[in-house]
Amino acid sequence: MPSTARGPNFSAVDVSAFSRQHILDVAEGGLAAARIPGFFGRATLERMTAALHRLPTVDYYPQRVAMTRFGPALNDYRTPQGVLQADRYWPDAEAAERTWREAGMEPDPVLESLDMLGRAWGEKVTTATIGGRPAFVGMMREINAGTLLHYDDIHLEYPDGLFDQEIVSELTYNAYLVVPEDGGGTRLWQHRWEAADDAHRQRYGYDPRVVDGCRNLTIRPGLGDALLFNPNHYHRVLPNGPGGPGGQRRITVTFFLGLTPAGDLVAWS
């Protein structure tokens, strides 16, 4: 039987494999999250992480979150008017694709994840396109100190649209390649952005008062877990525990999924 973490009418379920219904339920808000514990086995993870040192990483917005990252995220190439800075994004996306291939990560956690999600959905997951060009998929992030409270919503980030495909619902996928001994959980609140929330905006995130009284749950990361959740809900990553002298690490492969009116799933980072 699957195990669950839940608040009233707001739950996360552990399953042996995702189904089409799990994906729909997360996309539509019937489930806060669904997780496959240990989707990647330990031997597979060891082969994957052996190539991590070959990926160049950058420190990302230390004023927002202490993060080390490989690969571009579309939200970081957005003008204040919600328009893609294409002259910056495409060279970075192409360079990241090339570097990822050259790193020789085998098996490839992005392809393995997309294949698994396609089997669950019943159709191949394709890459979202912008003017006919495929977006980058498969950002790798190391977050050890947690994040600010925030939400992700492609409709609010790019209100005039971005992709060639229309997106009606959005999901986040995380695969945990390295996890801390304690801490590092994902906490979700049953609340989506509304205009009044911006009174609690703190530049790159939100004051926790914005979710006062809202149902919430925390999903602790497990080694090799595959997690789907709805990023339109406010959420944050909790800090890792102190660990030993070298601290603890939390490394994920992350991308978004979008459901189209035609019933297709498309991916981007």
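This is a predicted model: local features need pLDDT of at least 70, side-chain atom pairs count only at pLDDT 80 or more; totals for chains, interfaces and linings use all residues.
Residues are numbered from 1 along each chain as its sequence is written, and side-chain values use heavy atoms, with hydrogens and water left out. Local features need pLDDT of at least 70 and side-chain atom pairs count only at pLDDT 80 or more, whereas totals for chains, interfaces and linings use all residues.

**View 1. Overall dimensions and burial of the chain.** The C-alpha trace spans about 50 × 45 × 40 Å along its principal axes. Of the 269 residues, 54% are buried (under 20% relative accessible area, 1.4 Å probe, protein chains only).

**View 2. Aromatic pair Tyr-77 and Tyr-89****.** A search of the whole structure finds 11 aromatic pairs (rings of Phe, Tyr and Trp, the last by its six-membered ring, with centres within 6.5 Å; planes under 30 degrees apart count as stacked, over 60 as edge-to-face and the rest as tilted). The ring centres of Tyr-77 and Tyr-89 lie 5.3 Å apart with their planes at 75°, so this pair is edge-to-face. Because Tyr-77 sits in the loop between strand 5 (67-70) and helix 3 (86-103) and Tyr-89 in helix 3, the pair ties together parts 12 residues apart in sequence (helices are DSSP runs of H or I, at least four residues; strands are runs of E, at least two; both are numbered from the N terminus). Tyr-77 is buried at a relative accessible area of 6%, and Tyr-89 is buried at 0%.

**View 3. Aromatic pair Tyr-89 and Trp-90****.** Tyr-89 also forms an edge-to-face pair with Trp-90, at 5.0 Å centre to centre and 70° between the planes. Trp-90 counts as buried, with 9% relative accessibility.

**View 4. Aromatic cluster.** Phe-70, Trp-100 and Phe-136 are linked into a cluster by ring pairs.

Key
Buried means under 20% relative accessible area, exposed over 50%, partly exposed in between (1.4 Å probe, protein chains only).
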